[in-house]
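Here is a predicted model.

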Amino acid sequence: MRILALDSSGLVASVALVEGDGDLRTEQVIAEYTVNYKKTHSQTLLPMLDEIVRMTETDLETVDAIAVAAGPGSFTGLRIGSATAKGLGLALGKPLIHIPTLEGLACNLWGCEGIVCPIMDARRRQVYTGIYRFDEGRLTVLEDQMAVGIEELGEHLGNYEEKITFLGDGVPVFGRDLTDTILKGRDIAFAPASLNRQRAASVGMLGLRYYQEGRTESAAEHRPDYLRMSQAERERKERMKDDPVSM
């Protein structure tokens, strides 16, 4: 089976084409195009997709499904990724595979021992995160995606005794807090630069497994997972609280 994967949930824009049958011995990444630079995803995602299709001489009709990192993450990035996936799904008549962003990010470290904890900077000393472990070749969700303060995440992780490996764009922001105070004395590691950001290949490989399990949806059904209100929505709510009559 062949999966087209998209991830624009954070600063990184990534597109990949993967194929396989759920057997790690035979799966392969046919192509992956990832950019982590100062451009908006509306400028990058479709040109990256076009380049992959051209370079691999792929007919998109041969794709079985479209996997998309569905959130949480950047509100604008999620909307661009979801709109792109929905448009492709409708045009091609293909199902979508809804990949939780943190699960896709955790899969960068497939097979890692102990706890895998991706963290995405959500501002205001909060992170988007989840707590995962790999058991017998499968991703196990210990605690599902959540938006929490970094100190609260430390409390959640206090329930586990294993080594913890962190990755994601929250590491440069909170890494020292985690090692020096919040989880001081714990066995902690951080993913290398090559693995610590979103990658569409990981979204696609997880998509292969979800597709086999029947975890698909139609393009019309797809909705991003925001987990919390956008900044504009929060500001509007505050204005309504301060001056409900004028609103």
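Q: What makes Glu136 stand out in the hairpin of strand 7 and strand 8?
A: Its phi is positive, near 50°. The hairpin has two residues between the strands.

Q: Why are strand 7 and strand 8 called paired?
A: Pairing needs at least two bridges. Strand 7 (residues 126–135) and strand 8 (residues 138–149) have nine, so they pair. The sense is antiparallel. One of the bridges links Asp135 to Arg138 in strand 8.

Q: How do you know that strand 1 and strand 4 pair?
A: Four bridges join strand 1 (residues 2–7) to strand 4 (residues 65–69). The cut-off is at least two, so the two strands count as paired. They run parallel. Ala5 has Ala67 as its bridge partner in strand 4.

Q: In what order do the five strands of the open sheet lie?
A: The order is 3-2-1-4-5, and the pairing is mixed.

Q: What makes strand 3 and strand 5 edge strands?
A: Strand 3 (28–35) and strand 5 (96–99) each pair on one side only. Across this sheet, neighbouring strands are turned by 15° against each other on average, direction ignored.

Q: Which strands does helix 1 lie across?
A: Helix 1 (residues 41–56) lies across strand 1, strand 2 (13–19) and strand 3. Helix 1 runs at about 30° to strand 2.

Q: Which strands does helix 6 lie across, and how does it run against strand 1?
A: Helix 6 (residues 200–212) lies across strand 1, strand 2, strand 3, strand 4 and strand 5. Its angle to strand 1 is about 135°.

Terms used:
Residues numbered from 1 in each chain as written. Predicted model: local features only at pLDDT ≥ 70, side-chain atom pairs only at ≥ 80, totals over all residues. Heavy atoms only, no water. Axes fitted to C-alpha atoms, helices over the stretch in contact; angles between N-to-C directions. Contact = heavy atoms within 4.5 Å.
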